[in-house]
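This report looks at a single position first. It then turns to a contact between domains.

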Amino acid sequence: MTAHQPDLKATRIAGGVHTDQKHDSAHKHVTGEAIYIDDMPEPRGTLHGCLGLSTVTHGRIVNIDLSAVRAAPGVVDVLTSADVPGVNDISPTGRNDEPVLADGLVQFYGQPIFCVIAETREQARRACKLAKVEYEELPFVLDIAGLDVAKDRLVTPNLTLVRGDAAAAIAKAPRRIKGQVRHGGQDHFYLEGQISMAVPGEDGDVTVYCSTQHPSEVQHMVGHALGVPSHAVTVEVRRMGGGFGGKETQGNQFAALAAIAAKRIGRAVKIRPDRDDDMTATGKRHDFLIDYEVGFDDEGNILGVEYTYGARCGFSSDLSGPVTDRALFHCDNAYFYPAVKAVSAPFYTNTVSNTAFRGFGGPQGMIGAERVIDEVAFATGKDPLEIRRKNFYGTTDRNVTPYHQTVEDNIIHRIFDELEQSADYAGRRREINAFNNNSRFIKRGLALTPVKFGISFTATHYNQAGALVHVYTDGSVHLNHGGTEMGQGLNTKVAQVVAEEFQIDIDRVKITATTTGKVPNTSATAASSGADLNGMAAQNGARQIKTRLIEFAADKYNVEKDQIEFLPNRVRVGNQEIPFTELIAQAYLARVQLSAAGFYKTPKIHWDRSKGQGRPFYYFAYGAACAEVSVDVLTGEYMVERVDILHETGRSLNPALDLGQVEGAFIQGMGWLTTEELWWDEKGRLRTHAPSTYKIPLASDRPKIFNVKLASWAENAENTVHKSKAVGEPPFMLGMAVYHALTDAVASVADHKIHPQLDAPATPERVLMAIEKLKAAR
């Protein structure tokens, strides 16, 4: 490969911040050259594992006969809970309620109870079917309807947020409504399934290649299960084929079992479940049952509101505590409540433990807020757009959240106003009303919904990151950070930050696979904070080296430090310009340290869960979407005709990548609320566990007209990396516009006099049932 020849006369580097840059692996994704864990050359003698899953929903294991399994062709070993050398637990919150393998008690259908290790994956899968397990079946709970937060079992302590006296405000309000809305969960459906490959080393060491968003947690969990310290476990991930939160904790089990088997047998072990087992045995987005009561006046001003957010959490806590907390943090969306009380109810059920998913409870919280807005609109006979605008947070007043954080960066008014105008909401509303009055079987609907999403881990200690920056003597830069790449372009953005700092072209910066051996104690790449945290940590590392270079140059050339400036691919020192590569070579000869460990921790944030008060978020991200749909009232089938989106990402580090994130998040959010239905039968078996039964949006489901724009004027009010904002999760909730447009279309059947009470996902069946109910009521 020919060495890069930088342009020493350029006025701007190639690949700096605030520019469109392609994903660093885009060409590899398209051609199939990108290497995922299953593409890696396997060490000689690699074995393969398969999980043996329970066939009852709740029961005690009376007898387990694995003799036929052990005797099956190719089987080398069979692991049970008795073979876990350390602690048989992979609970991410340390509650000791999530075993690596079930130990006598099965708590959901499909729970792993043993693991077959064989010469080939096919042999391991076939051997699993030969197990004979006898159970004493026990009563089970599948649905949370009818459960009581004060009486029924919770997987983790619940949270209550209070500001003002909501009960009194509702009682005194001129008008009141009480209701309930249910929405379903969602499978992550990452293209690359769960996978881990463990390679045993000397002494107690093991290296685990794992498709995970949280390498440090996998490291700790593997060490926990093996009974060895974390320094004996190295976890590495170059890239994931999608994560969406499903690889924040769910990879722990596969990594732990692969490592246990590898150390026990002395050979590399790979575990890659098939799609059916993956969907059956791993957690999903929490489905919620939301009870609400709202008091309001005749103009539609909300005076007080109470919520109870009941969540089906599954058999263990996993991340249900912080997920249900964040749901409460977003029960306001973009609206100010003069008085509010919100209660979470993380219920125990005999289903797989639900887990993180893009938005982490925030989308579920917003569903409650937007349902209340719709209820008030129908009750007052006003357009929901008017009710939304009436109840928006203010800028200098009416700006305190239910958790007592002051909203200091509110731009939702401008976002909303600009989108309303550019999407021609008023004109299209008139057109749609006229169309519906003259169309018997096709009805159209329109909705414009806002998003205000808080950015930061609500567990304050996770808001930290590290990075390792090396500058080599030829001027090239090697960078490693604690974030993980799952297709979102994090590595590209962080490379842009470092290139900008050194003022060198981006192809001089190389980011290597995330590994616990280089950057320790990393946080998950989650909460939309990947670029915020790791970009700042990398910037900090680069600035340490820059400071040393400036001190060196000032001394060598006898100039003041303020006479030294980093220009594109060169450095101005006094009256002369020196190529960056030349200055680096000089600094090396002068024994200047050209390596640094960068670090960053988010300022200002704090949270007291016991009081339900604090500042859990560093800032908020804003956006809005306007959706138009058409519905066939005879079948419930529908089409998304048009969607207009205006979303802000502060001063975007990479507008091209951010635009892709907004588009993809919207489609995924739309899928959650429309076609993606998880269904368990009366025996507790998940029946939607493959592409044949679980419908994610197709290319043909995209809006016929899809206008997506970033707010070019936006800039983060806080001191984030180059004034940018997070983009991973906030646009997911833009999909709510489609859900509410469907509600609007259905409501036209009864001339918008009755709220349709449409639950999600709004499948054609649910839409049709809502239409029939309105016809009957009318």
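Leu 130 sits in the loop that runs between helix H3 (121–128) and strand E6 (132–137). Helices (H or I, at least four residues) and strands (E, at least two) are DSSP runs, numbered from the N terminus. The model is predicted: local features need pLDDT of at least 70, side-chain atom pairs count only at pLDDT 80 or more, and totals for chains, interfaces and linings use all residues. Residues are numbered from 1 along each chain as its sequence is written, and side-chain values use heavy atoms, with hydrogens and water left out.

Leu 130 is partly exposed, at 37% relative accessible area (buried is under 20%, exposed over 50%, partly exposed in between; 1.4 Å probe, protein chains only). Leaving aside neighbours within four places in sequence, Leu 130 contacts Ala 68, Val 69 and Ala 72 (heavy atoms within 4.5 Å).

## Domain layout

The domain assignment, automatic or from a database, gives domain 1 (54–139 + 188–281), domain 2 (288–458 + 609–777) and domain 3 (464–601). The C-alpha centres of domain 1 and domain 2 are 36 Å apart.

## Between domain 1 and domain 2

Here 27 residues of domain 1 are in contact with 25 residues of domain 2. The buried area is about 2200 Å², and carbon and sulfur atoms give 59% of that area. Buried area is the accessible area (1.4 Å probe) that two parts lose on being put together, summed over both. Phe 189, Phe 244 and Met 279 supply 23% of the area that domain 1 buries against domain 2, more than any other three residues.
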